[in-house]
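Here are a few notes to read with the structure open beside you. Take them one at a time and find each spot as you go.

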Amino acid sequence: MNQTQWTLKSFRDLLLKCVAERDLFTGKTLHARYVKSLVASSTYLSNHFVNLYSKCGRLSSARAAFDCTEQPNVFSYNVIVKAYAKDSKIHIARQLFDEIPQPDTVSYNTLISGYADARETVSAMILFKRMRELGFEVDGFTLSGLIAACCDRVELIMQLHCFAVSGGFDSYSSVNNAFVSYYSKGGLLREAVSVFYGMGELRDEVSWNSMIVAYGQHKEGAKALALYREMILKGFNIDMYTLASVLNALTSLHDLIGGCQFHGKLIKAGFHQNSHVGSGLIDFYSKCGGRNGMSDAEKVFQEILSPDLVIWNTMISGYSMNEELAEEAVRSFRQMQRIGHRPDDCSFVCVTSACSNLCSTSQGKQIHGLAIKSHIPSNRISVNNSLISMYYENGNLQDARRVFDRMPELNAVTYNCMIKGYAQHGRVTEALLLYQRMLDAGIAPNNITFVAVLSACVHSGKVAEGQNYFNTMKERFKIEPEAEHYSCMIDLLGRAGKLEEAERFIDSMPFKAGPVAWAALLNACRKHKNIALAERAAKELMAMKPNADTPYVMLANMYTDAGRWEEMAAVRKLMRSRRIRKKPGCSWIEVKKKEHVFVAEDWSHPMIREVCEYLEEMMKKMKELGYVMDKKWAMVKVDEAGEGEEEMRLGHHSEKLAVAFGLMSTGHGEEIVVKKNLRICGDCHNAIKFMSEVADREIIVRDNLRFHCFKDGKCSCGDYW
């Protein structure tokens, strides 16, 4: 071997090492030397420079290197097609694919995988059909890409499974692994289990990891952990993906002690600083850690050496699940951008979820604008779905519907979001019409669809219709009712005054009723003044949620309404002995992009004097129209109340103060959206109806159960709440 040959070999070996290690700095140095050298252009070396830039996320440099390749071959095109597909520019990837003089099987596989990442199912299937018509050989990579392209369309996955078995492709581990993953994602756990155990000796580490994840996704954490132990006994290699899968299983079990012990093992094994495992730990603590969960998640985050986009997304998601930490979610999103990470579809879904819990509507609109500018074709549907939820959660049903109508593709989640939005805003007719449109479009409803539909019936008192939908989900769609569906039915019957039927319903449930069901029954008992049944419901709630104030407060209020002062005093004494404090009523409103907070009988707001004066003048006009203060909501004993005490208490409820501030601080036509942490009281509900009529304004109040849209002296709930 002469000196020149040895130098070229060393250069090639060093370049291949740079590609393998994604060493961009050394690779750019080699590229500069290559360009300046007098050596004849090499397609082989040029291809690897394109590959290097692609793997390092430098698409423009990859394209420049490709364009400088004098005689590009099929490998050159495959690399640049993959680079554009990976960067979510699938239309350019397709243009380059069409320019390939003689594409091979790898070319087709690359573009099919690109379509899968972009969730373009139809395009992937058409390309597969063309590939077969032209006589190209189909392999395991082709099938794996196609399965991924099916997303959650289980009927297509089943057809591909038949094709794989008949064509002998079920002998590929990668194909079977894809079936396990996507059957699970499509909700077909039984089929995923069947494929996994049918693989026999074909099972590799990926197969086991996929099955452990599948069990975790379906809240079968115990089976996932058993599979993990079996995997160890069989001698399979345990890697970061296995460990992350186990964390997912522990999260599904809400096993805080087991998760903490497993975290200790990860530290000893040196995996705690791994970004993939770290993401699982952050998710675990944010969902299972209770009050200190996010502080523990933050400690995990700080230990990770180089947090990637997935880690940031997991942190933002953790913050967004806690209403009190929504601001932290937005701050983390901004910080992630500042250090150079480009948000993907998951980033936008997480941060828009956080914006749903903010009083500020402007933050959500800014995120929406950024999502549009970001041009995310990959899974764009999930971003739009989260935007629909964000807008209706912020009281803006009109913009939620505008996003819905402009979406090029709708799925079950899209319809679920919009139906739920209409239900929460009291627009029951629109909710049920949209459900029918969903069926007409051939989109199968799921368990969440029926929660939304039943909620619409709850908010309107449509008992017969609700019972029909409940039966339909079992008989027609074979969906087994879950706790939320039963809770909706109890709420539906209870609000309609059918308390005995609601009690029989709760007693006949196939599993033990949870706190949501008993809370629904307790609410109904208060509305219809059934103290005996309320005592049973409150007792059950106290046992299930010993630190919650709701059962104590509601029972005490019922005793107050009935004039049973001794029982009321006994409940309050019990609260004091158990150190349970009533949560104060608190309302928020955003005016001129600034959040203002009002707390009942609190004088800390800088404009509280002006607000009270405005409210007093408003009260005079309201009384002229027939408003009479309902003093029972003051919750004080008549003979113990000082002169004017009842009026003072009711007049300074947080929602009245927030609405008054909104009216005096905004011009005609500007939106007024108030959010409250508790249920709106009866007197405030009646008062705000009169306020909307006096001011000739539309006022939206979101309490902890639903939205109330007040206009022209009426509420969207029709006083059925």
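1. Then try F196, where the charged end of R203 sits over the ring, 4.8 Å from the centre. Keep in mind that this is a predicted model.

2. Next, rings with rings. A pair of aromatic rings is described by the distance of the centres and the angle of the planes. The count here comes to 27 aromatic pairs. Take Y228 and F262: the centres are 6.2 Å apart and the planes are at 85°, so this pair is edge-to-face. The two residues are 34 residues apart and link distant parts of the chain, with Y228 in helix α14 (residues 221-233) and F262 in helix α16 (residues 256-269). Are they buried or exposed? Both Y228 and F262 are buried.

3. Ring pairs can also join up into a group. F128, F163, F169 and Y172 are linked into a cluster in this way.

4. Now for the strands. Six of them form an open sheet in the order β2-β1-β3-β4-β5-β6, and the pairing is mixed. The edges are β2 and β6 (714-715), each of which pairs on one side only.

5. Zoom in on one end of that sheet. Strand β1 (residues 586-591) pairs with strand β2 (residues 594-599) in the antiparallel sense, over six bridges. The two form a hairpin with two residues between them, and K592 in the turn has a positive phi of about 55°. Which residue in β2 is the bridge partner of V591? That is K594.

6. Another antiparallel pairing is that of strand β4 (residues 699-702) with β5, over four bridges. Here I699 stands opposite F710 in β5.

7. Strand β5 turns up again in the second largest pocket: β5 (707-711) and α24 (397-406) each supply at least two residues of the lining. Helix α24 gives the most, with three residues. The space in this pocket is about 520 Å³. Its lining has 21 residues, and G395, Q398, E698, I700 and C709 lie nearest the centre. What is the lining made of? It divides into nine charged, seven polar and five nonpolar residues.

Conventions
Residues are numbered from 1 along each chain as its sequence is written. This is a predicted model: local features need pLDDT of at least 70, side-chain atom pairs count only at pLDDT 80 or more; totals for chains, interfaces and linings use all residues. Side-chain values use heavy atoms; hydrogens and water are left out. On a 1 Å grid over the protein atoms alone, a cavity is a set of points where a 1.4 Å probe fits but cannot get out, and a pocket is an open set with protein on both sides within 12 Å along at least five of seven lines; lining residues have an atom within 4 Å of a point. Grid points are joined across faces, edges and corners, and a volume is the space filled by probe spheres set on the points. Ala, Val, Leu, Ile, Met, Phe, Trp, Tyr, Cys and Pro count as nonpolar, Asp, Glu, Lys and Arg as charged, and the others, Gly among them, as polar. Rings of Phe, Tyr and Trp (its six-membered ring) pair if their centres lie within 6.5 Å; planes under 30 degrees apart count as stacked, over 60 as edge-to-face and the rest as tilted. Buried means under 20% relative accessible area, exposed over 50%, partly exposed in between (1.4 Å probe, protein chains only). A charge sits over a ring if NZ of Lys or CZ of Arg is within 6 Å of the ring centre and within 35 degrees of the ring normal. Two strands pair if DSSP finds at least two bridges between them.
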